[in-house]
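Subject: Structure for you to look at

Hello,

Please find the structure below.

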Amino acid sequence: MPDLRSRVRRNRDPSKPTSNQNPIKVTVETRQRKTAVNKRKKNSVAVDDKNNIVNLETTPLVDQTRAFREEVAEKKMDEFDSGGRSGDKGPGAEDEGSTAPLPEKVQVGGSPVYRIERKLGKGGFGQVYVGRRISPTASNERTGPGAVEVALKFEHRSSKGCNYGPPYEWQVYNALGGSHGVPRVHYKGRQGDYYVMVMDMLGPSLWDVWNNNSHTMSIEMVACIAIEAISILEKMHSRGYVHGDVKPENFLLGPPGSPEEKKLFLVDLGLATRWRDSSTGLHVEYDQRPDVFRGTVRYASVHAHLGRTGSRRDDLESLAYTLIFLLRGRLPWQGYQGENKGFLVCKKKATSPETLCCFCPQPFRQFVEYVVNLKFDEEPNYAKYISLFDGIVGPNPDIRPINTDGAQKLIYQVGHKRGRLTMEEEEDEQPKKKVRMGMPATQWISVYNARRPMKQRYHYNVADMRLSQHIQKGNEDGLFISSVASSSNLWALIMDAGTGFTAQVYELSPYFLHKVGVDYGTVGEDYYISAIAGANNGSSLVVMSKGTQYLQQSYKVSDSFPFKWINKKWREGFYVTSMATAGSRWAIVMSRGAGFSDQVVELDFLYPSEGIHRRWDSGYRITSTAATWDQAAFVLSVPRRNQQMKLKRHFELLLFLVHMSRRNGQRICILHLYAMVELSPEQLKLVGKPLMLS
């Protein structure tokens, strides 16, 4: 199913079954591929004893093309992880445009004429080539509109990124291009079947530097990268955008041998989105779509894995994983294989910062702890984050291996003008509640609703043989089951007098929502599933009631949370009315006529406190919940307007119309009004009496 565990199938050919590879064999094959890459790029980039980047080859590398993207646009999660090279990518990373031949020469938007030379990379929607200027020129500029060599990015007009005209990335570059840390786009336009961008050539990516330095990078180098990367993200965020795919492959250095060779650039804006609404200036609304993933599996934030709307915290969390990777050479979730790889990676990322950074210097652990506990719309304290790493790199910016001029400006502007830099100013702040605890919780989830006083009874730790005794006693007292749950193969029941049910049956089955169990043919067409529960041993308790407001029901049993099926049923007018789990399996019951006007899902590995409170603020209320040993799902719904209030307002409207008609001496067709305002004949009689209608 298309959810967290199984959406990795989406980019795969269903006719080709997945084979379970030997983990050792996979490791050997991966090393062989990396060895081949190292041989091709041998001695291209290195880091000297002073942590300065030394170029040993004249061929610059460019990754302005999403050349290393695993996931593009809103593609569902792919099983292939980031390996740094496009050759190690899975089929989901191939561009989706036509294989139409590229032109031999390019000239767009008033640009000079360029001859296409070697290929630099190929990504989700496009491909990048070196373009050499063949128009007459008197200068040998390396950057700028008149540069001799440029990077040409091609996207076919039929690719997903060009469904509605020029690529979306063009809009982002129009807003951000040329700002701190973002490369300049000098020309763009369409030639034949391709949209073309003419950009500055840049140097190696951080992944290239790390890969060609025996998979190591000094603490001072990584700290400098942290300082400058934070300042680049701050500038991008100040323009209202989040990058959406922060990783080592998307950070490039300047052209080797140029004045900008120690400058850091952030490229590949194809997944950038707005965190701030351009019309209102307010933060975009929170949402969660568990079937949608944006980014790269290895570096994406936990919120991105769970399908939550992207915000500034996600870029910073991805940067934290990038820094840990460059420092340690590996992340704890690397190496997962199989169909549920994305689910396992996301679950592993939910570990505590202390565990993730156990062998890292204190500033890196502190940075991770700060960013993973940010709220959806919280403004990050960029200057504070930069100050964490100042003690590692030293006070003199001139000898740093990475140019940190942008960070120094940020420290001045944000730190001194706003007074947010010094740690002493924040000593009086209340400690923030930690979101990422790093350990699963074994506990009950109880939801209380405000209602009129009524008789209610609950039973817990009920064994199978005792169920009938408690239920029969409750029925004799006028109570019906409203909720059931299970823990350690024991049952918990809530019975009350306010359900509105007129009759009820139940079945305790050794199967989890078995089709042959309680069905409509056995108990009658007026019975619908009103509560379900599953036990760890796979058994289930199904309760069906008469007198519900449901009109039709559908249910699904799945090995993982079936959000795509739920989304499909929402469009058909169904709403989730019951949920249960048995072991790692999910059962979802959806009904027509449920009395809801809207519904959402919150899915997480722990209690999603922030998301639920945001939903509450928008008028949603928890109506179903279930949890496996490693996931919790909450369904929140907006109830339809109270029927009594609706009738009262309609009744008042009718009285008003009657009053106006009497003043004007007109007659009113009561039957027409009855159809319009949906009042009962008894109510209409009360209104119609004074009219003395003929």
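On the α6 side, the residues are Arg313, Leu316, Glu317, Leu319, Ala320, Leu323, Ile324 and Leu327, and they meet Phe364, Phe367, Val368, Val371 and Val372 of α9. Note that this is a predicted model. Helix α6 covers residues 312–328 and helix α9 covers residues 362–372; their axes come within 9 Å and cross at roughly 155°. Because of that angle, α6 is roughly antiparallel to α9. The crossing of α6 past α9 is left-handed.

A second pair to look at is α4 with helix α10 (residues 382–393), whose axes come within 9 Å and cross at roughly 160°. That angle, being over 145 degrees, makes α4 roughly antiparallel to α10. Here too there is a left-handed crossing, of α4 past α10. Among the residues in contact are Ile219, Ala223 and Ile227 of α4, and Tyr382, Ile386 and Phe389 of α10.

Next, the cores. The largest nonpolar core has 78 residues, and Ile225, Leu264, Leu319, Leu323, Phe367 and Phe389 have the most contacts inside it. Helix α4 (residues 219–238) gives the most to this core, with 12 residues. Domain 1 (105–199) and domain 2 (204–419) both contribute residues, so the core lies between them.

Beyond its neighbours within four places in sequence, Leu264 is in contact with residues including Gly181, Leu206, Ile225, Phe251 and Ile402. There is also a second, separate core of 21 residues, which includes Phe563, Trp565, Met579 and Val635.

Regards

Methods: Residues are numbered from 1 along each chain as its sequence is written. This is a predicted model: local features need pLDDT of at least 70, side-chain atom pairs count only at pLDDT 80 or more; totals for chains, interfaces and linings use all residues. Side-chain values use heavy atoms; hydrogens and water are left out. A nonpolar core is a set of buried Ala, Val, Leu, Ile, Met, Phe, Trp, Tyr and Cys residues joined through side-chain atoms within 4.5 Å. Buried means under 20% relative accessible area, exposed over 50%, partly exposed in between (1.4 Å probe, protein chains only). Helices (H or I, at least four residues) and strands (E, at least two) are DSSP runs, numbered from the N terminus. Domain bounds come from an automatic or database domain assignment. Contact means heavy atoms within 4.5 Å. Axes are lines fitted to C-alpha atoms, for helices over the stretch in contact, and angles run from 0 to 180 degrees between N-to-C directions. Angles under 35 degrees count as roughly parallel, over 145 as roughly antiparallel, 65 to 115 as roughly perpendicular and the rest as oblique. A crossing is left-handed if the near helix is turned anticlockwise from the far one by less than a right angle, and right-handed if clockwise.
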